[in-house]
Amino acid sequence: MKSRVSLRGKLTSEIPTSSMADIAFLLITFFMVTTVFTAIHGIDYGLPKKEMSSNIKPQESVYIHLKASGEITLDFVPVSSMEQLASYIKGKMEQTQGRKPVILRTDPEVPYGVTVEVLDVLKQLDIQNISIPTQTDIELWKDYFRD
Amino acid sequence: MIIRYRTRPVTAVIPTASMADIAFLLITFFMFTTSFSVDRTDVQLPASVVQQKVEKDAAIIAITADEGIRISDGIRESELVTDMAKLESILKEIVQTHPSRQFIIKCDKRAPYRSFNTVYEMMLRNSIRNISLLTEKKG
């Protein structure tokens, strides 16, 4: 006797997707927590290539000195405020069609924030030729940086 | 004649079939926009009016108020360096591998200028020309 086995209830292959949404939301939570959207900004300080750079003497430029005592001198004359500094430099730049370089010298003990504050003033005046001498430069050129 | 209407109970169902699609769409968005911060040094940045957007993947040198220095090549997490010779060797390595990479100086406004000068001189020695000084927006 032959026995017949009928397969009425067909077996269908399925990928279990019930937990997919849970996994997806878990991933979303991870990315939402770790994402940083803020673009960072700063003051660009591009330096010329070595062959294009030249030595500038304080006498041939606008010379700003941020002293350890908190005093700011401009062409060896003390200034009391950033506004005074800005108006003086603006005047100088108008006289020389903006060609006069600016040297920004900072004493080692001065907080870095003060240097950036002055640099920001210079950038606002759209001065292209800004020179920040290093301590080694100052040592080498100490005859010119006497004040 | 009496007509009887069969009333079937109405059940409230929130359609969840498209939920996975929406979720994956959001994942894709976050995956493409995510950028992991390579340096989380806590510094008080100086403020400025003039600001330019810095390049993505720029190398970062962070200087804290107590003159601690951390460096990152823009890809790897920043590391603390106590030895200046080591800092210079890392700088050289970055310049050799990525010659056109921008360098960001993330210096605390209370840090003495001498610590900035140390890093600045080192950069000049290694012919790094593309520098950005990280600031906060003033006002």
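**Close-up views of a predicted two-chain model**

Figure 1. Not counting residues up to four places away in sequence, B:Ser132 touches A:Gly42, A:Ile43, A:Asp44 and A:Tyr45 of chain A, together with B:Val54, B:Gln102, B:Phe103, B:Ile104 and B:Ile105 of chain B; contact here denotes heavy atoms within 4.5 Å. The model is predicted, so local features need pLDDT of at least 70 and side-chain atom pairs count only at pLDDT 80 or more, whereas totals for chains, interfaces and linings use all residues. Residues are numbered from 1 along each chain as its sequence is written, chains are lettered from A and ligands numbered from 1 in the order in which they are written, and side-chain values use heavy atoms, with hydrogens and water left out. With a relative accessible area of 0%, B:Ser132 is buried. The classes are buried, under 20% relative accessible area; exposed, over 50%; and partly exposed, in between (1.4 Å probe, protein chains only). B:Ser132 and B:Ile104 lie 28 residues apart in sequence, while their C-alpha atoms are 4.8 Å apart in space.

**Figure 2. The interface between chain A and chain B.** In this view, 44 residues of chain A are in contact with 46 residues of chain B. The size of an interface is often given as the accessible area lost when the parts come together. Here the two chains bury about 4000 Å² between them, 67% of it on carbon and sulfur atoms; buried area is the accessible area (1.4 Å probe) that two parts lose on being put together, summed over both. Helix 1 (20–34), strand 1 (41–46), helix 3 (112–124) and helix 4 (135–140) of chain A each supply at least two residues of the side that touches chain B. That side of chain A divides into 24 nonpolar, 12 polar and eight charged residues. In this division, Ala, Val, Leu, Ile, Met, Phe, Trp, Tyr, Cys and Pro count as nonpolar, Asp, Glu, Lys and Arg as charged, and the others, Gly among them, as polar. Between chain A and chain B there are 20 residue pairs in polar contact, both residues being at pLDDT 80 or more. A polar contact is a pair of N or O atoms within 3.5 Å; within protein, one must be able to donate a hydrogen and the other to accept it, and residues adjacent in sequence count only if both atoms are side-chain atoms. The count of salt bridges between chain A and chain B is zero, a salt bridge being a side-chain nitrogen of Lys or Arg within 4 Å of a carboxyl oxygen of Asp or Glu.

**Figure 3. A:Arg105 within chain A.** Chain A contains four helices and six strands, in the order α-β-β-β-β-α-β-α-β-α from the N terminus on. Of its 147 residues, 35% count as buried. A:Arg105 belongs to strand 5 (residues 102–106) of chain A and is buried, at a relative accessible area of 12%. The side chains of A:Arg105 and A:Tyr63 are joined by a polar contact of 3.1 Å. Leaving aside neighbours within four places in sequence, the contacts of A:Arg105 include A:Ile64, A:His65, A:Leu66, A:Pro133, A:Ile138, A:Phe145 and A:Asp147.

**Figure 4. The loop between strand 4 (69–72) and strand 5 (79–81) of chain B, with B:Ser78.** B:Ser78 is buried, with a relative accessible area of 8%. Not counting residues up to four places away in sequence, B:Ser78 touches B:Val38, B:Asp39, B:Thr41, B:Arg70, B:Ile71 and B:Ser72. B:Glu77, in the loop between strand 4 and strand 5, is paired with B:Arg40, in the loop between helix 1 (19–33) and strand 1 (47–48), so parts 37 residues apart in sequence are tied together. The closest N and O atoms of this salt bridge are 2.7 Å apart. B:Arg40 counts as exposed at 60% relative accessibility, and B:Glu77 as partly exposed at 48%.

**Figure 5. The salt-bridge network of B:Asp73, B:Arg76 and B:Glu93.** The side chains of B:Glu93 and B:Arg76 meet in a salt bridge of 3.7 Å, N to O. B:Glu93 lies in helix 2 (residues 84–97) of chain B and B:Arg76 in the loop between strand 4 and strand 5, so the pair ties together parts that are 17 residues apart in sequence. B:Glu93 is partly exposed, with a relative accessible area of 42%, whereas B:Arg76 counts as exposed at 51% relative accessibility. Over all chains, the whole structure holds 10 salt bridges.
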